[in-house]
Amino acid sequence: MSIHIEAKKGEIAESVLLPGDPMRAKWIAETFLKDSFCYNDVRGMLGYTGTFNGKPVSVQGTGMGIPSALIYCHELINNYGVKNLIRVGTAGSYQPDVKLRDIVIAMAASSTSGINNTRFINADYSPTADFELFMKAAQYAQKHNIPIKAGNVLSADEFYGDDPESYKKWAKFGVLCVEMEAAGLYTIAAKFNVKALAILTISDSLVTKKETSADERESTFKAMIDIALNSLS
Ligand code: HPA
């Protein structure tokens with residue numbers, strides 16, 4: 001047991017999918033995994049283990065934002081020996097050609113979070129995807145004709161910023177979309193020498209101000225989970 005996860009040793013698999021929303025963790029376990037069981041209900045942050053293609057896989061909700069996600073990632077890695085972590089979540093598009101329902105794989109994650117400013121004072125650390133997981137995800141998507149985009153994303157600390165135009169600076173420098181956890185995940189994975197990847201689906205656009213319906217979100221979520229689970233083998 002750790003402070004925020006009540007699983008017994010051995011109940012969490014070496015590979016874990018990480019949705020922000022704990023109800024998504026339940027849905028992923030029920031929809032994609034065989035023989036799944038719930039190992040965590042502390043703070044309602046549901047976690048499940050089951051099998052996919054005969055291999056054990058877990059799904060753990062992380063909550064929203066880097067501070068919350070880092071608590072779960074730290075305990076999964078440090079207390080439960082997790083080696084492969086794949087975030088599966090939503091993001092807001094920063095680019096006209098990154099459309100609603102597109103799947104974006106984060107090669108790197110820029111951030112407005114302070115976690116690396118206090119570590120690497122007066123210097124910038126570049127939180128980066130694990131190359132092997134990235135290649136597997138990209139190759140699986142290509143083989144199955146699932147279109148993806150890949151590049152730099154922004155992990156923001158605030159969902160509700162002050163200036164609706166401030167995204168344009170990031171957009172100008174090629175950042176594809178905004179979410180709230182990838183930079184933290186990539187940093188902690190590097191710290192513990194484990195593998196991490198963030199796969200995102202575009203749920204809304206800061207460019208067009210449009211957003212997806214719940215039904216649309218579910219169907220793209222399925223394609224993203226399909227890529228994530230098949231990147232683990
Ligand atoms: N901002 C931050 N995170 C998000 C967004 C957004 O607009 N959309 C989905 N996740």
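## The largest pocket

In this predicted model, the largest pocket has 42 residues along its lining, and Phe159, Val178, Glu179, Met180 and Asp204 sit nearest its centre. A pocket here is an open set of points on a 1 Å grid over the protein atoms alone, with protein on both sides within 12 Å along at least five of seven lines, and a lining residue has an atom within 4 Å of a point. The space inside comes to about 1,200 Å³, where volume means the space filled by probe spheres set on the points, with grid points joined across faces, edges and corners.

Which elements give two or more residues to that lining? They are α1 (22–32), β5 (84–93), α4 (167–172), β8 (177–179), β9 (195–205) and α6 (214–230). Strand β5 supplies the largest share, six residues. Helices (H or I, at least four residues) and strands (E, at least two) are DSSP runs numbered from the N terminus. By class, the lining splits into 17 nonpolar, ten polar and 15 charged residues. For that count, Ala, Val, Leu, Ile, Met, Phe, Trp, Tyr, Cys and Pro are nonpolar, Asp, Glu, Lys and Arg are charged, and the others, Gly among them, are polar.

## The ligand and its shell

So what takes up the largest pocket? The ligand does; to sit in a pocket, a molecule needs more than half of its atoms within 2 Å of the pocket's grid points. Around the ligand you'll find Thr90, Ala91, Gly92, Phe159, Val178, Glu179, Met180, Ser203, Asp204 and Leu206, each with a heavy atom within 4 Å of the ligand. The elements with two or more residues in this shell are β5, β8 and β9, and β5 gives the most, with three. Sorted by class, the shell holds five nonpolar, three polar and two charged residues.

Now for the polar contacts, meaning pairs of N or O atoms within 3.5 Å. A polar side-chain atom of Asp204 comes to 2.7 Å from a ligand nitrogen. On its own the ligand has 260 Å² of accessible area, and the protein covers 87% of it (Shrake-Rupley method, 1.4 Å probe).

## The second largest pocket

The second largest pocket holds about 250 Å³. Its lining has 15 residues, with Ser110, Ser111, Asp124, Tyr125 and Pro127 nearest the centre. Strand β6 (residues 103–111) gives the most, four residues. Seven lining residues are nonpolar, seven polar and one charged.

## Ground rules

Residue numbers run from 1 along each chain as its sequence is written, and side-chain values use heavy atoms, leaving out hydrogens and water. As this is a predicted model, local features need pLDDT of at least 70 and side-chain atom pairs count only at pLDDT 80 or more, while totals for chains, interfaces and linings use all residues.

Methods. 1 Å grid on protein atoms, 1.4 Å probe; cavity = no way out; pocket = protein on both sides within 12 Å on 5 of 7 lines; lining within 4 Å. Polar contact = N/O pair within 3.5 Å; in protein donor to acceptor, adjacent residues only side chain to side chain.
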